[in-house]
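The following exercises concern a predicted model. Each task is followed by a solution in steps.

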Amino acid sequence: MFDILIKNGLLVDGTGAAARQADIAIRDGKIAAVGKVEGTARRTIDASGRVVAPGFIDPHTHFDVQLLWDGAARPALAHGVTTVVPGNCSLSLAPLKAADRGRVIGMFQQIEEMPPEAFTQAFEWTWEDFAGYRDALARNLSVNVAPLVGHSVIRLWVMGAASQERAAHPDEIAAMQALLRQCLKDGAIGLSTSFVDVDENARPVPSRFAQFSELDALCAVLGEFGRMLQVVPEFYDADLTIARVDQLSELSLKHNIPTTFSPLFDSVQAPNNVSKVMARVSEQFARGARVWPQVQTRPIDISFSFLNPSLYFARLPRWMRILRQPLEQRLASLRDAETVAKMVADAETFRMAGPMGGLVIRGGDKAPAHYVGRTLGDIAKERGQTVPQALIDISLEGDLDVAFLSANQGHNITDRVGPLLAHPLVHVGASDGGAHLKSFATYGDTGFLFSEFVRASKHLTLEGAVKKITSETAAIWGLKDRGTIAPGYAADVVVFNADTIGRGEERPVFDMPGDGMRYTRDAVGVDTVLVNGQVAFTNGAYTEARAGIACV
Ligand SMILES: [Zn+2]
């Protein structure tokens, strides 16, 4: 007797093998049989006309905190994602002393655009060490988690405030090694670090104060376990990124570890960047290094309002500073003619005034209805204003609650992104799931892979696309029993309609702790998702199943 039998589906098993008709039997959370299955089951799922594939693995998320109150990482599970990797970009919620929580919340707020309420309102923060975090996670999981541990928090634990002031002494490096070793023993899947991020006070995060010897020492510990190093390189500059590719390659070869870096974006402003980086990646793989570039499927869309600081203004420090002021002060600044004149001039100087004309007014509670859906350039002309001035005035007229959309700001040309995603050395990922809540929806990238690059442009086959986000990801990260449908593997399974799988329109929802807003996208074409042999999502609804594992 099996627990579940999935019958009559078209099996795309994750290995890249041609799709074939096959039934799948599941027992005790594992795939028990594949093919023409004899025997009965407690539950039978008819997958006629549907694809049956391994659950998708999302290797770059920031679901660290959401998983504590939402073990399904909504809506990731509904999109067919059965395993998520949080702890990216040098930040994780453990190991972390109670006294340092505020510091790390500030970093998440600045770097990942997550509100402090998300860290303080929806769960009881009981742990300091990594095992404690793992156990807190494990209580309520519908998805599997493969957590990284952040270099910045390891450094903060060992060095305290000095972690953002100086290089580490040898005894401190030794203490970091011991701490990382314990995290890996307790289930961490690797270490994440960042070479670019700053905290909420614009100070470099702790990981950026590490000298190479420190990173090398930590990678030696990763080498004891064969675990991953994830890195945020200076992605805005191809030459700096290439220097990091070389550095990561040396670490990979010396310590026999996999490494991955993200993001890597295609940009028409710098059309040769990606090919330059990929050329170096190919050279390094040829030497035996593992240095996986992570590439996201979706174009860069950023939404913002003046109610929150947004990464849209990353190149405009004065705007960033003003939008970070407390509300009253921010309003005063935006009403001050002299300040506004400087802001407008900055927009010209930093060549943002032109792109700002392409902003579309997408809504918000106070957006004038006759502006919604139109470009700011068009409206500015009608108002007889410069574009930056119109942006400020329209925001003020709507009490700052006017949302603007900067669509297709890069990585949006299918004929350039498609071949990149299909490249054998490209690791498809980098969704940033759970982060950037008010800037864009970090969900549905897997659906978009199928709708845009399998069905529309045909840069990938169905089997190739499934392989990229299942067995290939599992192999890169050393997840031994996931990502393939074959006897003995964990029964993480997604049943979907190959003709319709995709992502819904981006829309705001108010489901964050403290009724906070985030943008989301609903899943399209996903019928049923199983995690470790239990139905976790079906017919458009999440179930009561909590079969997810905290450290796969
Ligand atoms: Zn990230």
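**Exercise 1.** Determine which kind of contact joins the side chains of Arg 362 and Glu 506.

*Solution.* The separation from N to O is 2.7 Å. The cut-off for a salt bridge is 4 Å, between a side-chain nitrogen of Lys or Arg and a carboxyl oxygen of Asp or Glu. The side chains of Arg 362 and Glu 506 therefore meet in a salt bridge.

**Exercise 2.** Describe the arrangement of domain 1 and domain 2 and the contact between them.

*Solution.* Begin with the bounds: the domain assignment gives domain 1 as 56-299 + 411-537 and domain 2 as 302-408. Their centres, taken over C-alpha atoms, are separated by 31 Å. To the contact, domain 1 contributes 11 residues and domain 2 contributes 11 residues.

Next, consider the area. About 860 Å² is buried between the two domains, and carbon and sulfur atoms give 41% of this area. Of the area that domain 1 buries against domain 2, Lys 438, Ser 439 and Tyr 519 supply 36%, more than any other three residues.

Finally, count the interactions. One salt bridge is counted between domain 1 and domain 2, and four residue pairs are in polar contact across the interface.

**Exercise 3.** State which strands stand at the edges of the open sheet, and why one side of each is left without a neighbour.

*Solution.* Write down the order of the four strands, 5-4-1-6, in which the pairing is mixed. Strand 5 (30-35) and strand 6 (41-46) stand at the edges; each has a single partner strand, so one side of each lacks a neighbour in the sheet. From one strand to the next, the twist averages 20 degrees.

Then examine one pair. Strand 1 (residues 2-7) and strand 4 (residues 23-27) run antiparallel and are joined by three bridges. Leu 5 stands opposite Ala 25 in strand 4.

Conventions: Residues are numbered from 1 along each chain as its sequence is written. This is a predicted model: local features need pLDDT of at least 70, side-chain atom pairs count only at pLDDT 80 or more; totals for chains, interfaces and linings use all residues. Side-chain values use heavy atoms; hydrogens and water are left out. Two strands pair if DSSP finds at least two bridges between them. Helices (H or I, at least four residues) and strands (E, at least two) are DSSP runs, numbered from the N terminus. Axes are lines fitted to C-alpha atoms, for helices over the stretch in contact, and angles run from 0 to 180 degrees between N-to-C directions. Domain bounds come from an automatic or database domain assignment. Contact means heavy atoms within 4.5 Å. Buried area is the accessible area (1.4 Å probe) that two parts lose on being put together, summed over both. A polar contact is a pair of N or O atoms within 3.5 Å; within protein, one must be able to donate a hydrogen and the other to accept it, and residues adjacent in sequence count only if both atoms are side-chain atoms.
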